[in-house]
Amino acid sequence: MELTERQEQIINTSIKLIAHHGIQTMTIKNIAQEIGVSEPAIYRHFASKADIIYTIMEYFDHYSLEVCETIENSTEDPIARMDIFFQNRYRFFADHPELTKVMFSEEAFQYDPQLSRKIMHIMHQHRNILLTIIEKGQMDGLIRTDIGFDHLFHIVIGSMRLLVDRWCFSNFSFDIYGEGMQLWQAVKQLL
């Protein structure tokens with residue numbers, strides 16, 4: 001994903017505005033003020049506020065796709081592939097707390113059809129890769145079969161979602177990577 005230096009600045013400023021003050025404060029006027037440029041200068045790089053938000057989602061999606069491809073191409077067993085997924089997700093969250101907060105605020109985007117579709121696309125990417133891994137693990141006898149793979153997926157992702165929500169609401173007050181990996185180890189025992 002190629003962005004100009006100014007586009008990156010606009011994206012990073014927008015992420016900070018949303019993460020710290022809510023999506024309603026991410027206006028072209030506020031972005032311009034934060035950067036120290038005129039509003040028309042922002043419009044030279046993005047057509048609208050929705051275009052900026054869509055680009056934020058594109059960035060996250062681009063990164064997620066790289067991870068998904070790495071996991072799909074891995075020759076590791078299903079449990080090791082899930083380890084890679086969770087290590088990567090929690091590392092990304094720790095390295096990009098503000099972006100994480102934005103991406104986990106998907107209800108803010110539900111009234112825009114284009115943004116809703118993008119969020120659903122990202123969710124389905126993660127869902128599909130993990131369902132495939134869980135199903136393979138069940139076939140290989142590495143993951144319990146008395147619970148359907150779809151329900152196991154919800155247990156695994158739901159626990160991660162709750163931890164990330166708690167971290168975001170606490171203003172990133174704990175080590176999400178450390179806590180996340182401890183949670184994943186506990187969830188893994190349930191599998």
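## Arginine 91 and its partner

Arginine 91 counts as partly exposed, because its relative accessibility is 36%. Buried means under 20% relative accessible area, exposed means over 50%, and partly exposed lies in between (1.4 Å probe, protein chains only). Arginine 91 forms a salt bridge with aspartate 95, with the closest N and O atoms 3.8 Å apart. A salt bridge here is a side-chain nitrogen of Lys or Arg within 4 Å of a carboxyl oxygen of Asp or Glu.

Aspartate 95 is also partly exposed, at 48% relative accessibility. Both residues lie in helix α5 (residues 78-95). They sit 4 residues apart, about one turn of the helix. Helices (H or I, at least four residues) are DSSP runs, numbered from the N terminus.

## Basis of the model

This is a predicted model: local features need pLDDT of at least 70, side-chain atom pairs count only at pLDDT 80 or more, and totals for chains, interfaces and linings use all residues. Residues are numbered from 1 along each chain as its sequence is written, and side-chain values use heavy atoms, leaving out hydrogens and water.

The structure holds 8 salt bridges. One of them joins the side chains of lysine 118 and glutamate 58, at 2.5 Å from N to O. Lysine 118 lies in helix α7 (residues 113-139) and glutamate 58 in helix α4 (residues 49-72), so the pair ties together parts 60 residues apart in sequence. Lysine 118 is buried, at 8% relative accessibility. Glutamate 58 is partly exposed, at 27%.

Arginine 127 and aspartate 150 also meet through their side chains in a salt bridge, at 2.7 Å from N to O. This pair links distant parts of the chain: arginine 127 is in helix α7, aspartate 150 in helix α8 (residues 149-169), 23 residues apart. Arginine 127 is partly exposed at 26% relative accessibility, and aspartate 150 is partly exposed at 29%. Salt bridges with shared partners join Glu58, Asp61 and Lys118 into one network.

## The largest pocket

The largest pocket holds about 420 Å³ of space. A pocket is an open set of points on a 1 Å grid over the protein atoms alone, where a 1.4 Å probe fits, with protein on both sides within 12 Å along at least five of seven lines. Its volume is the space filled by probe spheres set on the points.

α7 gives the most, with 7 residues.

Technical notes. Helices (H or I, at least four residues) and strands (E, at least two) are DSSP runs, numbered from the N terminus. On a 1 Å grid over the protein atoms alone, a cavity is a set of points where a 1.4 Å probe fits but cannot get out, and a pocket is an open set with protein on both sides within 12 Å along at least five of seven lines; lining residues have an atom within 4 Å of a point.
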